[in-house]
Amino acid sequence: MTDEELIKKTLRLAQKGWGRVSPNPMVGALIVKNHRIIAQGYHRAFGREHAEVEAFNAATTDVRGGSLYGNLEPCCHFGKQPPCVDRILASGIKSVVVGTVDPNPLVNGKGIAKLQKHGIEVKVGVAEEACKQLNEAYFKFITTGLPFTTLKIAQTLDGRIASRNGHSKWITSETSRRFVHKLRSQHDAILVGIGTVLADNPRLTVRLSRGVSPKRIVLDSKLRISLASNLLTDEFVKRTIIVTTEEAPNERTKRIEETGAQVWGVPANSDGRVDLLSLWRKLGQAGIAAVLVEGGSKIYSALLKANLVDKVCVFIAPRILGDGLSALQNLGITNLEKSISLRDVSRRILDGDLLVTGRVAKAS
């Protein structure tokens with residue numbers, strides 16, 4: 001197998017940690033000797049052994065003289081686990097192939113330099129773009145302190161997310177909904193506005209796919225959420241965060257907190273609503289590295305205007321509704337030259353629905 005094929009195999013291993021390792025990166029590792037894979041491992045969960053150590057622990061034959069493959073640079077600092085570089089140096093491995101450098105300032109080339117200093121041959125940049133894409137949330141989070149943000153929009157062919165009277169269940173197919181639950185399991189938190197909660201009383205959990213249910217965040221500047229809502233009465237209530245402004249009434253805050261949910265007060269913007277950049281910074285400080293935004297149109301639009309969106313997933317159902325709630329509101333864009341562009345666009349058919357996914361092209 002070529003180096004690129006082996007690194008792509010580490011990516012498949014790394015994906016097994018999706019939804020469980022954040023805010024750490026997803027990493028897979030292989031040990032190759034005499035052109036044969038003799039051991040493999042991946043980072044299984046936050047706080048547990050890193051992929052390289054998992055691979056060494058899985059080896060049943062002598063690894064000395066072999067090569068280590070990993071999609072991300074080995075760490076060289078003490079965190080919840082000791083440095084992987086030290087374990088590599090002690091193993092007798094002769095060469096290391098790395099998909100991409102770790103942007104974490106505590107690493108960022110230092111792990112590679114230490115290996116080279118001790119005589120280990122290091123090759124960097126194999127299948128690099130694929131390695132970066134897998135950990136795009138980690139790269140954004142570790143370099144900016146802000147969570148990677150994905151908008152999930154389910155709409156009709158004519159761009160409606162609900163009928164004129166607010167009815168929205170179900171615009172897309174069950175296959176699409178299963179895909180959304182998989183998306184949920186790959187994020188640290190799901191975020192919606194209070195309008196979505198009042199209209200749909202959602203649960204925002206992972207039920208139609210395997211995986212861990214993420215935190216649930218509701219933007220509710222005036223604390224209008226019902227104490228009887230699913231988000232405040234189910235078994236995941238302690239994973240629910242209601243975000244309001246610092247001026248929110250203490251009595252209402254106390255009643256919500258008595259359900260087991262958290263209430264975050266953040267600064268208000270000029271309209272008296274939650275200031276989104278302040279909230280995004282607070283999310284990052286809380287270790288939330290990836291957020292899936294599921295509604296509604298006001299939230300989608302405000303995040304796009306604030307330049308806080310990294311990725312868009314639009315599920316388009318083969319339906320025409322006519323008058324109804326538009327997916328997006330006025331973004332203040334007056335000509336096509338200033339429209340928001342997507343790059344790396346992909347398309348997929350899900351039981352008749354069209355899923356369009358793309359990354360938001362940031363202004364240079």
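Trainee: Is Arg359 buried or exposed, going by its relative accessibility?

Mentor: First, a heads-up: this is a predicted model, where local features need pLDDT of at least 70, side-chain atom pairs count only at pLDDT 80 or more, and totals for chains, interfaces and linings use all residues. Residues are numbered from 1 along each chain as its sequence is written, and side-chain values use heavy atoms, with hydrogens and water left out. Buried means under 20% relative accessible area, exposed over 50%, and partly exposed in between, using a 1.4 Å probe and protein chains only. Arg359 comes out at 12% relative accessibility, so Arg359 counts as buried.

Trainee: Which residue forms a salt bridge with Arg359?

Mentor: For a salt bridge, look for a side-chain nitrogen of Lys or Arg within 4 Å of a carboxyl oxygen of Asp or Glu. Here the closest N and O atoms are 2.7 Å apart, and the partner of Arg359 is Glu136.

Trainee: How many residues apart in sequence are the parts that this pair ties together?

Mentor: Helices (H or I, at least four residues) and strands (E, at least two) are DSSP runs, numbered from the N terminus. Glu136 sits in helix α6 (residues 136-144) and Arg359 in strand β16 (residues 353-360), so the parts they tie together are apart in sequence by 223 residues.

Trainee: Now strand β8: why is it largely enclosed by the rest of the structure?

Mentor: Check both sides of the strand. Ala189, Leu191 and Gly193 point one way, Ile190 and Val192 the other way, and all are buried. So β8 (residues 189-193) is largely enclosed because the number of its five residues that are buried is five.

Trainee: Which strand pairs with β8 over five bridges?

Mentor: Two strands pair if DSSP finds at least two bridges between them. Val192, for example, has Val218 as its bridge partner. The pairing is in the parallel sense, and the strand is β9 (residues 215-219).
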